[in-house]
Structure formats: C-alpha cells, structure tokens
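User: I'd like to go over some side-chain contacts in this protein with you. Could you start from one pair and then walk me through what surrounds it?

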Amino acid sequence: MWDDFTSYILNEVKDRKVKIAEVGVGKFDKIANTLALKENITIIKTDINPNDESIVKDDIVNPDLKLYDGVSIIYSIRPPSELQPYLVKLANMINSQLIIKPLTNEDLNTGNVKMKLKNFKKASFYILR
C-alpha cells in the first residue's frame, strides 16, 4: 500500500521540479525518504516533536509559512482528526495540493471543505487540489 501511495505522488509530479512537505511525519518517514531520492523533488518533513535532525519542528496549528514557501504538494499520513482542518487551511493559504491518508475507516474532519476519495492501486486516500 505504501509503495502505491508513493507511486501516486510520483505520478502527480512526473519530471517537474517540485517541493513537497510531509506534515506530522512522526517516526514513519519511508515515503518522504523515497521521494527525496528523486533529483527533481525537494522534501520537507515537519512535526511538532521531531525525532531526528532531518525533521523540522513546526506546529500545524500555527505553521511557519516560510517553511512551506513554494510547496506544491502537502501530504499527511494518519493525522489526528483535530489537525485535519489546519492541513486544509495551510494548503489553501499556500495554494498547494493536499493529500490525507487517514486511518482505515476514519472519517475526515475537514469542515465544509470536501476532499475527493482516491483509490490508486491498493492505496486509498483523500485529495484536495
């Protein structure tokens, strides 16, 4: 499933030079690390409690907008429902595509903003363009 999720992002990017942010990376940074191997992708990993030096400390409730300058895709894996509206707000503020991979069978908490369910191979997630 994670390979399919990564493949979806790579298909979206193609060969374009892009900046991508994973918000709330926690300890699972396999996807970010795979994306970072591509020369055309700059990846930023953020979390409120970074567990290593490759992750930038940032609070999605009050984000440092300078970190997200030029980001064209934001994604978050299993973000807590109370943080999902802040992801939508950030994506809208910086005019970025948003991808949320919630826990299985979890409803989204994005308020009046409707995200589209996307099934890509074995991966299911929500997108907002």
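Which side chain does K45 meet in a salt bridge, and what is the N to O distance?

Analyst: K45 meets the side chain of D29 in a salt bridge, at 3.1 Å from N to O. The pair links distant parts of the chain, 16 residues apart: K45 is in strand β2 (residues 41–47), and D29 is in the loop between β1 (18–23) and α2. Both K45 and D29 are buried.

A few ground rules before going on. This is a predicted model, in which local features need pLDDT of at least 70 and side-chain atom pairs count only at pLDDT 80 or more, while totals for chains, interfaces and linings use all residues. Residues are numbered from 1 along each chain as its sequence is written, and side-chain values use heavy atoms, with hydrogens and water left out.

Now the terms. A salt bridge here is a side-chain nitrogen of Lys or Arg within 4 Å of a carboxyl oxygen of Asp or Glu. Buried means under 20% relative accessible area, exposed means over 50%, and partly exposed is in between (1.4 Å probe, protein chains only). Helices (H or I, at least four residues) and strands (E, at least two) are DSSP runs, numbered from the N terminus.

By that salt-bridge rule, the count comes to three. Another one joins D3 and K30, whose closest N and O atoms are 3.7 Å apart. D3 lies in helix α1 and K30 in helix α2 (residues 30–36), so this pair ties together parts that are 27 residues apart in sequence. D3 is exposed, at 51% relative accessible area, and K30 counts as partly exposed at 41%.

Then there's R129 with E12, where the closest N and O atoms are 2.9 Å apart. R129 lies in the segment after β7 (123–128) and E12 in helix α1, so the bridge ties together parts that are 117 residues apart in sequence. R129 is exposed at 63% relative accessible area, whereas E12 counts as partly exposed at 21%.

E12 has another partner too: a polar contact of 3.5 Å joins its side chain to that of Q97. (A polar contact is a pair of N or O atoms within 3.5 Å; within protein, one must be able to donate a hydrogen and the other to accept it, and residues adjacent in sequence count only if both atoms are side-chain atoms.) Q97 lies in strand β5 (residues 97–101) and is buried, with a relative accessible area of 11%. Leaving aside neighbours within four places in sequence, Q97 is in contact (heavy atoms within 4.5 Å) with residues including Y8, E12, I127 and R129.

Rings of Phe, Tyr and Trp (its six-membered ring) pair if their centres lie within 6.5 Å; planes under 30 degrees apart count as stacked, over 60 as edge-to-face and the rest as tilted. That rule gives six aromatic pairs. In one of them, F5 and Y75, the ring centres are 5.9 Å apart and the planes sit at 65°, so the pair is edge-to-face. F5 lies in helix α1 (residues 2–13) and Y75 in strand β4 (residues 71–77), so the pair ties together parts that are 70 residues apart in sequence. Both F5 and Y75 are buried.

Y8 and F120 also pair edge-to-face, at 5.5 Å centre to centre with 70° between the planes. Y8 lies in helix α1 and F120 in strand β6 (residues 116–120), so here the parts tied together are 112 residues apart in sequence. Y8 is buried at 4% relative accessibility, and F120 is buried at 15%. Ring pairs link W2, F5, Y8, F28, Y75, F120 and F125 into a cluster.

Most residues other than glycine have a negative phi. R78 isn't a glycine, yet its phi is positive, at about 55°. K121 also has a positive phi, near 55°; K121 lies in the loop between β6 and β7 and is exposed, at 62% relative accessible area.
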